[in-house]
Amino acid sequence: MSNPLVLSERHGPIHRLALNRPDKKNALTLAMYEALTAGLKEAAADPAVRSVVLEGDDKCFTAGNDIADFASGFSEEKFAPIFHFLEAIHRFEKPVIARVHGAAVGIGTTVLLHCDMVIAGESAKFCLPFTNLGLCPEAASSLLLPRLMGHQRASELLLLGQPFGAQRAHEMGLVNYVLPDADVRDAAWSAAEMIARQPAASVRLTKSLLKKGQADHVSAVMREEAIQFGQRLSSPEAAEAFAAFAQRRQPDFSKFE
Ligand code: COA
(Lines give C-alpha, C1' and ligand atoms only; values in the text may rest on other atoms or scores of the structure.)
Protein backbone atom coordinates (compact mmCIF):
# COMPACT_ATOMS: atom_id res chain seq x y z
CA MET A 1 0.00 0.00 0.00
CA SER A 2 1.64 3.25 -1.10
CA ASN A 3 1.69 5.99 1.53
CA PRO A 4 3.75 9.20 1.22
CA LEU A 5 4.39 9.09 4.97
CA VAL A 6 6.43 5.87 4.58
CA LEU A 7 8.99 5.76 1.78
CA SER A 8 9.48 2.20 0.61
CA GLU A 9 12.08 1.89 -2.12
CA ARG A 10 14.81 -0.41 -3.37
CA HIS A 11 18.36 0.86 -3.79
CA GLY A 12 20.25 -2.00 -5.40
CA PRO A 13 20.29 -4.85 -2.88
CA ILE A 14 18.99 -2.67 -0.04
CA HIS A 15 15.35 -1.89 0.66
CA ARG A 16 14.82 1.43 2.41
CA LEU A 17 11.86 1.98 4.70
CA ALA A 18 11.85 5.60 5.81
CA LEU A 19 9.31 7.32 8.04
CA ASN A 20 8.38 10.60 6.42
CA ARG A 21 6.12 12.62 8.68
CA PRO A 22 8.61 15.13 10.07
CA ASP A 23 6.03 17.74 11.16
CA LYS A 24 4.61 15.18 13.61
CA LYS A 25 7.98 13.71 14.61
CA ASN A 26 7.26 10.67 12.44
CA ALA A 27 4.46 9.58 14.80
CA LEU A 28 3.00 6.38 13.38
CA THR A 29 -0.60 6.30 12.21
CA LEU A 30 -2.44 3.06 11.53
CA ALA A 31 -2.05 3.65 7.78
CA MET A 32 1.72 4.04 8.27
CA TYR A 33 1.87 0.64 9.97
CA GLU A 34 0.05 -0.83 6.99
CA ALA A 35 2.57 0.78 4.66
CA LEU A 36 5.49 -0.55 6.71
CA THR A 37 4.06 -4.06 6.64
CA ALA A 38 3.55 -3.79 2.87
CA GLY A 39 7.15 -2.57 2.49
CA LEU A 40 8.47 -5.53 4.46
CA LYS A 41 6.37 -7.89 2.35
CA GLU A 42 7.75 -6.36 -0.83
CA ALA A 43 11.33 -6.63 0.47
CA ALA A 44 10.74 -10.25 1.50
CA ALA A 45 9.37 -11.21 -1.90
CA ASP A 46 12.13 -9.58 -3.95
CA PRO A 47 15.13 -11.93 -4.20
CA ALA A 48 17.35 -8.98 -5.19
CA VAL A 49 16.82 -7.43 -1.74
CA ARG A 50 19.47 -8.60 0.74
CA SER A 51 18.91 -6.25 3.66
CA VAL A 52 16.61 -3.49 4.86
CA VAL A 53 17.39 -0.09 6.36
CA LEU A 54 14.67 1.24 8.65
CA GLU A 55 15.00 4.94 9.38
CA GLY A 56 13.31 8.18 10.29
CA ASP A 57 14.84 11.48 9.25
CA ASP A 58 18.02 13.24 10.37
CA LYS A 59 16.27 14.84 13.36
CA CYS A 60 13.90 12.15 14.61
CA PHE A 61 13.40 8.40 14.32
CA THR A 62 9.79 8.32 15.54
CA ALA A 63 7.70 9.73 18.39
CA GLY A 64 5.93 6.36 18.49
CA ASN A 65 2.26 5.69 18.02
CA ASP A 66 0.15 8.62 16.95
CA ILE A 67 -1.53 9.65 20.17
CA ALA A 68 -4.59 10.98 18.34
CA ASP A 69 -5.13 7.46 16.95
CA PHE A 70 -4.77 6.05 20.46
CA ALA A 71 -7.26 8.56 21.83
CA SER A 72 -9.85 7.83 19.14
CA GLY A 73 -11.17 4.65 20.75
CA PHE A 74 -10.01 1.05 20.62
CA SER A 75 -11.28 -1.86 18.63
CA GLU A 76 -9.25 -4.97 17.89
CA GLU A 77 -9.92 -4.68 14.17
CA LYS A 78 -9.01 -1.00 14.01
CA PHE A 79 -5.66 -1.49 15.76
CA ALA A 80 -4.78 -4.72 13.95
CA PRO A 81 -2.26 -2.93 11.64
CA ILE A 82 0.04 -2.29 14.62
CA PHE A 83 0.12 -5.95 15.59
CA HIS A 84 0.42 -7.13 11.99
CA PHE A 85 3.47 -4.90 11.57
CA LEU A 86 5.08 -6.18 14.76
CA GLU A 87 4.55 -9.79 13.75
CA ALA A 88 5.85 -9.01 10.25
CA ILE A 89 9.08 -7.43 11.46
CA HIS A 90 9.54 -10.14 14.09
CA ARG A 91 9.23 -12.85 11.41
CA PHE A 92 11.12 -10.97 8.66
CA GLU A 93 13.88 -13.22 7.35
CA LYS A 94 16.42 -10.71 5.98
CA PRO A 95 18.55 -8.47 8.21
CA VAL A 96 17.09 -5.11 9.23
CA ILE A 97 19.44 -2.27 10.15
CA ALA A 98 17.92 0.65 12.05
CA ARG A 99 19.35 4.15 11.89
CA VAL A 100 18.26 6.36 14.78
CA HIS A 101 18.55 10.11 15.14
CA GLY A 102 16.68 12.06 17.80
CA ALA A 103 13.56 10.72 19.50
CA ALA A 104 12.74 7.02 19.44
CA VAL A 105 9.67 6.84 21.68
CA GLY A 106 7.47 3.87 22.57
CA ILE A 107 7.39 1.57 19.59
CA GLY A 108 10.27 3.70 18.27
CA THR A 109 12.36 1.96 20.94
CA THR A 110 10.63 -1.42 21.09
CA VAL A 111 10.81 -1.98 17.32
CA LEU A 112 14.60 -1.90 17.69
CA LEU A 113 14.35 -5.15 19.65
CA HIS A 114 13.27 -6.74 16.35
CA CYS A 115 16.05 -5.19 14.25
CA ASP A 116 19.37 -6.95 13.72
CA MET A 117 21.65 -3.94 14.11
CA VAL A 118 20.96 -0.48 15.48
CA ILE A 119 23.19 2.48 14.66
CA ALA A 120 22.38 5.59 16.68
CA GLY A 121 23.50 9.19 16.52
CA GLU A 122 24.63 11.08 19.60
CA SER A 123 21.27 12.92 19.46
CA ALA A 124 19.27 9.72 19.85
CA LYS A 125 16.89 9.70 22.79
CA PHE A 126 14.94 6.59 23.68
CA CYS A 127 11.88 6.33 25.89
CA LEU A 128 9.31 3.73 26.91
CA PRO A 129 6.48 5.85 28.32
CA PHE A 130 3.87 3.09 28.48
CA THR A 131 3.02 3.38 32.17
CA ASN A 132 3.19 7.19 31.86
CA LEU A 133 0.33 6.85 29.36
CA GLY A 134 -1.67 4.36 31.44
CA LEU A 135 -0.67 1.58 29.01
CA CYS A 136 1.58 -1.48 29.22
CA PRO A 137 4.55 -2.85 27.23
CA GLU A 138 4.13 -4.01 23.63
CA ALA A 139 6.24 -5.61 20.88
CA ALA A 140 7.24 -8.36 23.35
CA SER A 141 9.32 -5.76 25.18
CA SER A 142 8.19 -7.28 28.51
CA LEU A 143 10.14 -10.38 27.44
CA LEU A 144 12.93 -9.03 25.26
CA LEU A 145 14.05 -6.03 27.33
CA PRO A 146 14.82 -8.01 30.53
CA ARG A 147 16.53 -10.68 28.42
CA LEU A 148 18.70 -8.01 26.83
CA MET A 149 19.59 -5.93 29.87
CA GLY A 150 18.34 -7.71 33.03
CA HIS A 151 15.19 -7.28 35.10
CA GLN A 152 16.20 -4.20 37.10
CA ARG A 153 17.25 -2.11 34.14
CA ALA A 154 14.20 -3.16 32.09
CA SER A 155 11.94 -2.37 35.06
CA GLU A 156 13.47 1.06 35.44
CA LEU A 157 12.90 1.89 31.79
CA LEU A 158 9.34 0.53 31.76
CA LEU A 159 8.15 1.74 35.17
CA LEU A 160 9.69 5.21 35.21
CA GLY A 161 9.31 5.79 31.49
CA GLN A 162 12.12 8.37 31.52
CA PRO A 163 14.11 9.19 28.38
CA PHE A 164 17.64 7.79 28.09
CA GLY A 165 20.45 8.69 25.75
CA ALA A 166 22.35 6.83 23.08
CA GLN A 167 25.30 6.01 25.32
CA ARG A 168 23.05 4.35 27.91
CA ALA A 169 21.21 2.46 25.16
CA HIS A 170 24.59 1.24 23.94
CA GLU A 171 25.66 0.13 27.43
CA MET A 172 22.42 -1.83 27.77
CA GLY A 173 22.86 -3.62 24.46
CA LEU A 174 20.04 -1.94 22.53
CA VAL A 175 22.40 -0.13 20.17
CA ASN A 176 25.47 -1.43 18.31
CA TYR A 177 27.23 1.87 17.72
CA VAL A 178 26.83 5.47 18.80
CA LEU A 179 28.31 7.86 16.26
CA PRO A 180 28.30 11.58 15.57
CA ASP A 181 24.95 12.34 13.95
CA ALA A 182 26.56 13.24 10.63
CA ASP A 183 28.09 9.75 10.31
CA VAL A 184 25.07 7.60 11.18
CA ARG A 185 23.45 7.40 7.77
CA ASP A 186 26.66 6.23 6.06
CA ALA A 187 27.38 3.74 8.84
CA ALA A 188 23.90 2.20 8.63
CA TRP A 189 24.08 1.94 4.85
CA SER A 190 27.56 0.54 4.93
CA ALA A 191 26.44 -2.19 7.39
CA ALA A 192 23.50 -2.98 5.09
CA GLU A 193 25.84 -3.11 2.09
CA MET A 194 28.31 -5.37 3.87
CA ILE A 195 25.50 -7.78 4.69
CA ALA A 196 24.27 -7.56 1.10
CA ARG A 197 27.68 -8.75 -0.13
CA GLN A 198 27.60 -11.85 2.11
CA PRO A 199 26.12 -15.10 0.74
CA ALA A 200 22.35 -14.57 1.05
CA ALA A 201 21.47 -18.13 2.09
CA SER A 202 24.07 -18.06 4.85
CA VAL A 203 22.79 -14.70 6.08
CA ARG A 204 19.16 -15.90 6.13
CA LEU A 205 20.13 -19.11 7.93
CA THR A 206 22.18 -17.23 10.52
CA LYS A 207 19.34 -14.83 11.27
CA SER A 208 16.85 -17.67 11.52
CA LEU A 209 19.11 -19.62 13.89
CA LEU A 210 19.64 -16.54 16.04
CA LYS A 211 15.88 -16.07 16.41
CA LYS A 212 14.51 -19.60 16.22
CA GLY A 213 14.83 -20.49 19.90
CA GLN A 214 12.38 -17.85 21.02
CA ALA A 215 10.38 -16.92 17.90
CA ASP A 216 7.09 -18.58 18.89
CA HIS A 217 7.40 -17.42 22.47
CA VAL A 218 7.92 -13.83 21.26
CA SER A 219 4.77 -14.06 19.11
CA ALA A 220 2.77 -15.43 22.04
CA VAL A 221 3.98 -12.64 24.34
CA MET A 222 3.14 -10.04 21.70
CA ARG A 223 -0.40 -11.43 21.48
CA GLU A 224 -0.84 -11.39 25.26
CA GLU A 225 0.54 -7.85 25.52
CA ALA A 226 -1.75 -6.75 22.66
CA ILE A 227 -4.84 -7.94 24.55
CA GLN A 228 -3.77 -6.06 27.69
CA PHE A 229 -2.69 -3.02 25.68
CA GLY A 230 -6.08 -2.87 23.96
CA GLN A 231 -7.85 -2.91 27.32
CA ARG A 232 -5.53 -0.24 28.70
CA LEU A 233 -6.24 2.03 25.71
CA SER A 234 -9.86 2.27 26.94
CA SER A 235 -8.83 2.91 30.55
CA PRO A 236 -9.54 6.21 32.34
CA GLU A 237 -5.80 6.58 33.08
CA ALA A 238 -5.02 6.47 29.35
CA ALA A 239 -7.81 8.97 28.63
CA GLU A 240 -6.26 11.35 31.18
CA ALA A 241 -2.77 10.87 29.67
CA PHE A 242 -3.97 11.50 26.09
CA ALA A 243 -5.95 14.58 27.17
CA ALA A 244 -2.86 15.88 29.00
CA PHE A 245 -0.73 15.39 25.88
CA ALA A 246 -3.27 17.26 23.71
CA GLN A 247 -3.49 20.07 26.26
CA ARG A 248 0.30 20.17 26.77
CA ARG A 249 0.02 19.65 30.53
CA GLN A 250 1.17 17.03 33.04
CA PRO A 251 -1.33 14.20 33.61
CA ASP A 252 -2.85 13.74 37.07
CA PHE A 253 -3.21 10.05 37.98
CA SER A 254 -3.83 10.66 41.69
CA LYS A 255 -7.58 9.92 41.50
CA PHE A 256 -7.11 6.43 40.03
CA GLU A 257 -6.63 3.35 42.21
N1 COA B 1 1.39 11.42 18.26
C2 COA B 1 0.83 12.45 17.61
N3 COA B 1 1.45 13.65 17.45
C4 COA B 1 2.69 13.77 17.94
C5 COA B 1 3.33 12.73 18.63
C6 COA B 1 2.63 11.50 18.78
N7 COA B 1 3.16 10.46 19.38
N8 COA B 1 4.55 13.15 19.02
C9 COA B 1 4.67 14.42 18.59
N10 COA B 1 3.55 14.80 17.95
C11 COA B 1 3.26 16.08 17.32
C12 COA B 1 3.02 17.17 18.36
O13 COA B 1 1.68 17.14 18.81
C14 COA B 1 3.37 18.41 17.57
O15 COA B 1 2.29 18.69 16.71
P16 COA B 1 1.83 20.25 16.47
O17 COA B 1 3.05 20.91 15.91
O18 COA B 1 0.70 20.12 15.51
O19 COA B 1 1.46 20.76 17.84
C20 COA B 1 4.52 17.94 16.67
O21 COA B 1 4.41 16.53 16.60
C22 COA B 1 5.89 18.29 17.23
O23 COA B 1 5.97 17.75 18.54
P24 COA B 1 6.64 18.54 19.78
O25 COA B 1 6.20 17.86 21.03
O26 COA B 1 6.39 19.99 19.64
O27 COA B 1 8.18 18.25 19.49
P28 COA B 1 9.39 18.22 20.54
O29 COA B 1 10.63 18.19 19.73
O30 COA B 1 9.22 19.29 21.56
O31 COA B 1 9.25 16.82 21.32
C32 COA B 1 8.88 14.44 21.45
C33 COA B 1 9.39 15.60 20.60
C34 COA B 1 8.90 13.19 20.60
C35 COA B 1 9.81 14.27 22.66
C36 COA B 1 7.46 14.79 21.98
O37 COA B 1 6.69 15.20 20.84
C38 COA B 1 6.73 13.64 22.61
O39 COA B 1 7.02 13.30 23.76
N40 COA B 1 5.76 13.04 21.92
C41 COA B 1 4.91 12.02 22.45
C42 COA B 1 5.61 10.69 22.44
C43 COA B 1 4.70 9.59 22.97
O44 COA B 1 4.25 9.62 24.09
N45 COA B 1 4.44 8.61 22.10
C46 COA B 1 3.59 7.50 22.38
C47 COA B 1 4.39 6.33 22.81
S48 COA B 1 3.42 4.91 23.24
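How many aromatic pairs does the count come to? The count comes to seven aromatic pairs, where rings of Phe, Tyr and Trp (its six-membered ring) pair if their centres lie within 6.5 Å, and planes under 30 degrees apart count as stacked, over 60 as edge-to-face and the rest as tilted.

This is a predicted model, in which local features need pLDDT of at least 70 and side-chain atom pairs count only at pLDDT 80 or more, while totals for chains, interfaces and linings use all residues. Residues are numbered from 1 along each chain as its sequence is written, and side-chain values use heavy atoms, with hydrogens and water left out.

**View 1. The six-stranded sheet is open, and its strands follow the order β1-β2-β3-β4-β6-β9 with mixed pairing.** Because β1 (6–11) and β9 (177–179) stand at the edges and have a single partner strand each, one side of each is left without a neighbour in the sheet. Neighbouring strands here are turned by 20° against each other on average, direction ignored. Strands and helices are DSSP runs, numbered from the N terminus (E of at least two residues for strands, H or I of at least four for helices), and two strands pair if DSSP finds at least two bridges between them. β1 and strand β2 (residues 14–19) run antiparallel and are joined by six bridges, and within this pairing L7 has A18 in β2 as its bridge partner. Helix α1 packs on the sheet, where it touches β1, β2 and β3 (51–55), and its direction makes about 175° with that of β2.

**View 2. Helix α1 (residues 30–45) and helix α3 (residues 76–91) have axes that come within 8 Å and cross at roughly 30°.** Axes are lines fitted to C-alpha atoms, for helices over the stretch in contact, and angles run from 0 to 180 degrees between N-to-C directions. The two helices are therefore roughly parallel to each other, given that angles under 35 degrees count as roughly parallel, over 145 as roughly antiparallel, 65 to 115 as roughly perpendicular and the rest as oblique. The crossing of α1 past α3 is left-handed, a term used if the near helix is turned anticlockwise from the far one by less than a right angle, with clockwise giving right-handed. Residues in contact (heavy atoms within 4.5 Å) include L30, Y33 and L36 of α1, and F79, I82 and F85 of α3. The contact of α1 with α3 divides into 10 nonpolar, two polar and two charged residues, where Ala, Val, Leu, Ile, Met, Phe, Trp, Tyr, Cys and Pro count as nonpolar, Asp, Glu, Lys and Arg as charged, and the others, Gly among them, as polar.

**View 3. An aromatic pair, one of the seven in the count, links α1 and α3.** The rings of Y33 and F85 have their centres 5.9 Å apart and their planes at 45°, so the pair is tilted. As Y33 lies in helix α1 and F85 in helix α3, the pair ties together parts that are 52 residues apart in sequence.

**View 4. Helix α5 (residues 141–149) packs with helix α10 (residues 215–233) at an angle of about 125°, with axes 8 Å apart.** The two are therefore oblique to each other. S141, S142, L143, L144 and R147 of α5 make the contact with H217, V218, V221 and E225 of α10, and by class these are four nonpolar, three polar and two charged residues.

**View 5. The axes of α5 and helix α6 (residues 151–160) come within 7 Å and cross at roughly 130°.** That angle makes α5 oblique to α6, and α5 passes α6 in a right-handed crossing. On the α5 side the contact is made by S141, L145, P146 and M149, and on the α6 side by H151, R153, A154, L157 and L158.

**View 6. A three-stranded open sheet has the order β5-β7-β8, with mixed pairing.** β5 (103–105) and β8 (164–165) stand at the edges with a single partner strand each, so one side of each is left without a neighbour in the sheet. Strand β7 (residues 125–127) and β8 run antiparallel and are joined by two bridges, and F126 stands opposite F164 in β8.
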